[in-house]
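Q: I would like to go through a model with you, one point at a time. Could you take my questions as they come?

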Amino acid sequence: MKTLDDWLSHLETAHSAGLIDMGLSRVGEVKTRMGLVPQCPVIVVAGTNGKGSVCAFLSHIYSQAGYKTGTLTSPHLLRFNERIAVNTEPVSDEAITASFERIEAARGDISLTYFEFNTLAAVDVFMREKVDVMILEVGLGGRLDAVNIFDADCAVVTSVDLDHQAFLGDNIEAVAYEKAGVFRPFKPAVCGQNPPPESLKKHAEDIQADLLLIKDDFSLTKLEQQQWSFYFHPQEAVSHFAEGFKRNRNALPIPALRGSYQLGNAACALAVLECMNAVLPVDIGAIKRGLLLVNNPGRFQVLPGRPLVILDVGHNPHAARALRQSLIALPFAEKRIAVFSILADKDIDGVLETVKDQFDEWYIAPLHLPRGMSVEALKNKLAEHDIADNVKAFENIQTAYQAALAVAKENDRITVFGSFHTVAEVSATL
């Protein structure tokens with residue numbers, strides 16, 4: 001029998017040489033053959049940024065409330081198993097390979113991508129584990145993403161910005177329409193961006209989804225003494241709630257996930273809790289414990305000790321703006337070092353222009369991947385943004401990070417960012 005590593009090596013090239021291949025027909029047919037029909041509530045989370053954090057909030061809060069959770073996320077940082085978690089813990093190699101064997105037996109001559117195998121395996125594992133709720137993170141877009149073969153009882157779009165333009169379109173309205181594809185008729189659809197793009201709003205209206213917007217239907221207020229409050233107040237009587245239904249969640253602890261933007265992600269998660277409350281009731285104690293215990297590595301992750309080290313997987317301008325705001329909110333640092341690399345198909349110009357004023361020195365290295373940028377290409381991009389001085393190049397990210405650590409003093413700050421792969425290479429050394 002193949003090991004998990006054997007399987008993953010095979011899947012990386014088995015379909016279209018590992019390329020992305022959007023569409024639901026192939027994966028939908030294999031889902032039908034396997035009889036993968038979830039018997040528990042399904043929450044689907046899409047968005048340009050923040051979807052992994054919303055999944056983390058939901059998983060930890062529902063687990064603290066006593067529910068058995070199944071969570072699909074992507075990509076992983078260190079181990080593939082991170083993508084398929086039961087009660088917030090990655091499942092075993094054996095569980096995944098057994099599921100891959102079942103998918104292989106069911107697919108016949110249908111070719112599936114790496115992510116399609118990943119999605120089917122997750123739901124197959126969750127059904128066998130008899131989880132109480134499935135939390136499924138969309139991989140790319142929404143409408144044509146493999147996760148969308150499963151109907152959401154509640155769907156979330158955290159944010160909409162430009163990313164993956166080759167697949168989702170080169171304007172916000174096109175991207176928003178793709179993400180809104182996870183909405184379902186007469187089901188709640190939570191949106192963490194207000195005003196929402198018109199295409200998202202119109203699609204929700206066209207299919208009669210119950211669209212709930214931050215600031216309109218739910219909101220948050222930051223209080224003194226490291227506490228905040230959440231308010232749920234649907235503006236219209238939607239199908240899930242009695243007219244005039246309102247609920248406040250007061251004196252909530254600041255989430256364990258760092259970054260001011262995480263309050264917005266937490267608010268989206270709490271809106272989902274309210275939408276699902278009839279079938280998955282949650283008490284205030286579980287919410288508070290979940291907020292304090294939540295963990296999602298690589299999202300403005302501050303490592304213990306000195307110098308201050310921050311890991312952030314942000315790789316598009318929207319994430320760069322959030323990173324910049326969070327860096328500004330930190331205490332003064334004498335020297336600010338960036339350990340940076342990014343994939344060639346990302347909007348590196350938008351990222352650099354957003355954050356360049358937050359760093360004094362840049363330690364760069366290539367990502368040794370087909371989509372990675374060479375050191376020369378990285379240097380040229382930095383120079384285009386007037387970042388030519390104090391740039392040091394290394395053969396890999398691990399070496400760059402170790403060099404930054406060697407020169408950084410106690411009151412300096414190192415920020416590792418630009419890609420999941422950049423953060424993963426540093427995480428592997430920790």
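Q: Is lysine 187 buried, partly exposed or exposed?
A: Lysine 187 counts as partly exposed, at 30% relative accessibility. Buried means under 20% relative accessible area, exposed over 50%, and partly exposed in between (1.4 Å probe, protein chains only).

Q: What kind of model is this, and how are the values taken?
A: This is a predicted model: local features need pLDDT of at least 70, side-chain atom pairs count only at pLDDT 80 or more, and totals for chains, interfaces and linings use all residues. Residues are numbered from 1 along each chain as its sequence is written, and side-chain values use heavy atoms, with hydrogens and water left out.

Q: Which side chain meets lysine 187 in a salt bridge?
A: That of aspartate 153, at 3.7 Å from N to O. A salt bridge is a side-chain nitrogen of Lys or Arg within 4 Å of a carboxyl oxygen of Asp or Glu.

Q: Why does the pair tie together parts apart in sequence?
A: Lysine 187 lies in the loop between α7 (172-180) and β7 (188-191), and aspartate 153 in the loop between β5 (133-137) and β6 (154-157), so the parts they tie together are 34 residues apart in sequence. Helices (H or I, at least four residues) and strands (E, at least two) are DSSP runs, numbered from the N terminus.

Q: How many salt bridges does the structure hold?
A: The structure holds 20. Among them, arginine 247 and glutamate 274 meet at 2.7 Å, N to O. Arginine 247 lies in strand β11 (residues 247-253) and glutamate 274 in helix α9 (residues 262-275).

Q: And glutamate 274, buried or exposed?
A: Glutamate 274 counts as buried, at 2% relative accessibility, while arginine 247 is partly exposed at 24%.

Q: Changing topic, what are the domains?
A: The chain is divided into domain 1 (4-293) and domain 2 (301-428); such bounds come from an automatic or database domain assignment. Their centres, taken over C-alpha atoms, are 28 Å apart.

Q: How many salt bridges are there across the interface of domain 1 and domain 2?
A: The rule finds zero there. The two domains bury about 1300 Å² between them, 56% of it on carbon and sulfur atoms. Buried area is the accessible area (1.4 Å probe) that two parts lose on being put together, summed over both.

Q: Where is proline 297?
A: Proline 297 is in the loop between α10 (284-293) and β12 (301-303). Proline 297 and alanine 424 are 127 residues apart in sequence and 9.7 Å apart in space, C-alpha to C-alpha.
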